[in-house]
Amino acid sequence: MVGCTRDYKLAIPIFCFISLLCCQANDCNEDRQIGGRCQTTPCKDRPHHNLSFACSQWMYEHYHVVKKSKKWVPCSQFASVYSLRRPCGYWAAKCSKKDTNFHCCASVHCRING
């Protein structure tokens, strides 16, 4: 099980205690609550080649907030240039190396549209 559901009260308490799979409602930061589940690792801390579809979508919508940089804008502002066909690994490498708004947004966009 990747994360734990918010309806933790339905699980058997002893099993939850032993396996540590249950989340309390306050245990998850916003970037860990993907698809109604609490993720074990926040999306923003995952390498782009390890992003799930749900995390890629979340990053596309929230990257500019996660970066906490006044220079970053929403990924949707680059939509007209995402047609530059490159493999996802190209964009992920550029994002990792340069950490720029465009390259990182292109990387998550590529993961979504593969």
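This report looks at the aromatic rings and the nonpolar core of a predicted model.

## Ground rules

Residues are numbered from 1 along each chain as its sequence is written. In this predicted model, local features need pLDDT of at least 70 and side-chain atom pairs count only at pLDDT 80 or more, while totals for chains, interfaces and linings use all residues; side-chain values use heavy atoms, without hydrogens and water.

## Aromatic pairs

The structure holds four aromatic pairs. Rings of Phe, Tyr and Trp (its six-membered ring) pair if their centres lie within 6.5 Å; planes under 30 degrees apart are stacked, over 60 edge-to-face, and the rest tilted. Y63 and W72 have ring centres 5.2 Å apart and planes at 45°, so this pair is tilted. Y63 is buried at 7% relative accessible area (buried is under 20%, exposed over 50%, partly exposed in between; 1.4 Å probe, protein chains only). W72 is buried too, at 11%.

Y90 and W91 pair edge-to-face, with 4.9 Å between centres and 80° between planes. Y90 is partly exposed at 29%. W91 is buried at 7%. Ring pairs also link F78, Y90, W91 and F102 into a cluster.

## A charge over a ring

The charged end of R86 sits over the ring of Y90, 4.4 Å from its centre. The term requires NZ of Lys or CZ of Arg within 6 Å of the ring centre and within 35 degrees of the ring normal.

## The nonpolar core

The largest nonpolar core has 21 residues. Such a core is a set of buried Ala, Val, Leu, Ile, Met, Phe, Trp, Tyr and Cys residues joined through side-chain atoms within 4.5 Å. M59, Y63, C75, Y82 and V108 touch the most other members.
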